[in-house]
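Me: Hello! I am new to this structure and would like to learn how to read it. Could you take me through it step by step?

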Amino acid sequence: MGTSAIRRILVTGSEGQIGSELTGELRRRYGSENVVASDLRIADHGDGPFEQVDVTDRSRFEEIVRRYEIDTIVHMAAILSAKGERNPTLAWDVNVTGLLNALELARELELTQVLCPSSIAVFGAGCPTENTPQETVLKPSTMYGITKVTGELLCDYYVSRYGVDARGLRYPGIISSETLPGGGTTDYAVEIYYKAIENGRYTCFVSEGTRLPMMYMPDCIKGTIDLMQADFDGLVHHGDFNLGSMSFSAGELAASITKRVPGFEVTYEPDYRQAIADSWPSSIDDTAAREEWNWSPSFGLDAMTEDMLARLRKRHAEGNLYRGQPA
Ligand code: NAD
Ligand code: AKB
């Protein structure tokens, strides 16, 4: 097991918030022809191969892995927390059956590596909410969280039982400017930037005091690829690395934007996602990631806000704020 042999990567969920940017960076590093994008949604990837793959369809998944001689699956296909609460059985099918298919393909075809993200959604009642440790009680209250705990256990099981190189990180809420988030609880932390630029007003669906761990996309991409490239023999953990970066309340996020968008108005109307947010930690202890593969984030709140606003302002000026995505 190791990373030097990585040459043919399949990204599932490549059209999502993270998959879309990760695919681009993997193509820059490994060559466009060596990174196959795939999603349930059909997309045009002029810069490299794209295949429509439903990850719950094992035979189609296998067909694409064999056809492109894939050795690494970067498994981003998922149903996130808010969407998962609206359709829990779909969340189970996509998040658990989809991952099991990826791991079984890795076992049977002796692939080099499977990487599948986990989430701060694995935490719930009974764990410390400040500086939440790597090892603690995992009692999530959402179906999404339940699928993520299951996914971590599956990855670790395939490592110990079959010697599959399976890896995963517990991402915090990811904030980015290129692709809108796909139905999570932390989506407000992205939407707020778009609305600040679009019309100077935002109605936030969690309360002003809600404080969650967050991360800017460049750090997310860097952490993901750093873990992919880490020496397997140096890893004690595998499927469940806590990954920290910054923590702030919705009010602090709004203040960071208001400093740069004078007159920006935010109102707070918590909905069903408030209970999900309240069940998650406020901050994360990522010592294991720092010690085992040298994890170190770069962005803080104000640096992220500067960068987000500059990118979105430019697109807005070009009449392309949402890049054709539904607002
Ligand atoms: P997203 O919702 O933006 O994208 C998921 C993609 O999966 C979508 O393009 C969707 O079309 C695709 N998909 C759904 N069902 C599918 C199926 N059956 N077969 C193939 N594709 C399917 O999600 P994201 O934010 O890019 O998340 C990627 C990974 O990171 C997920 O595992 C998610 O749980 C994890 N994660 C994300 C965040 C975040 O804040 N974005 C935080 C923690 C963890
Ligand atoms: C969500 O809110 O569902 C995701 C996550 C933290 O896993 N952003």
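This is a predicted model: local features need pLDDT of at least 70, side-chain atom pairs count only at pLDDT 80 or more; totals for chains, interfaces and linings use all residues.

Me: Which residues surround ligand 2, and how do they divide into nonpolar, polar and charged?

Reply: The surrounding residues are Leu80, Ser81, Ser119, Ile120, Tyr144, Gly184, Thr185, Thr186 and Trp280. By class, 4 are nonpolar and 5 are polar, with no charged residue in the shell.

Me: Why does ligand 2 lie between domain 1 and domain 2?

Reply: Look at where the shell residues come from. Both domain 1 (3-172 + 217-242) and domain 2 (174-214 + 246-317) give residues to the shell around ligand 2, so ligand 2 lies between them.

Me: How is the contact between the two domains described?

Reply: The size of an interface is often given as the accessible area lost when the parts come together. Here, about 3200 Å² is buried between domain 1 and domain 2, and carbon and sulfur atoms give 58% of it. The centres of the two domains, taken over C-alpha atoms, are 23 Å apart. In the contact, domain 1 takes part with 42 residues and domain 2 with 36 residues.

Me: Now for the other ligand. Which residues come nearest to ligand 1?

Reply: There are 28 residues around ligand 1, and the nearest of them are Gln17, Asp39, Arg41, Tyr144 and Lys148. Tyr144 is also among the residues surrounding ligand 2. The shell around ligand 1 holds 14 nonpolar, 9 polar and 5 charged residues. Domain 1 and domain 2 each supply at least three residues to this shell.

Me: Which helix or strand gives the most to the shell around ligand 1?

Reply: That is α1, with 3 residues. At least two shell residues come from each of α1 (17-30), β6 (118-119), α5 (143-162) and β9 (173-175).

Me: What polar contacts does ligand 1 have, and how much of its area does the protein bury?

Reply: Start with the backbone. A polar backbone atom of Gln17 is 2.8 Å from an oxygen atom of ligand 1, and Ile18 likewise has a polar backbone atom 2.8 Å from a ligand 1 oxygen. With Asp54, a polar side-chain atom lies 2.9 Å from a nitrogen atom of ligand 1. Taken alone, ligand 1 exposes 840 Å², of which the protein buries 95%.

Key: Residues are numbered from 1 along each chain as its sequence is written. Chains are lettered from A and ligands numbered from 1 in the order in which they are written. Side-chain values use heavy atoms; hydrogens and water are left out. A residue is near a molecule or strand if one of its heavy atoms lies within 4 Å of it. A polar contact is a pair of N or O atoms within 3.5 Å; within protein, one must be able to donate a hydrogen and the other to accept it, and residues adjacent in sequence count only if both atoms are side-chain atoms. Accessible areas come from the Shrake-Rupley method with a 1.4 Å probe; for residues, only the protein chains shown count as cover. Helices (H or I, at least four residues) and strands (E, at least two) are DSSP runs, numbered from the N terminus. Ala, Val, Leu, Ile, Met, Phe, Trp, Tyr, Cys and Pro count as nonpolar, Asp, Glu, Lys and Arg as charged, and the others, Gly among them, as polar. Domain bounds come from an automatic or database domain assignment. Contact means heavy atoms within 4.5 Å. Buried area is the accessible area (1.4 Å probe) that two parts lose on being put together, summed over both.
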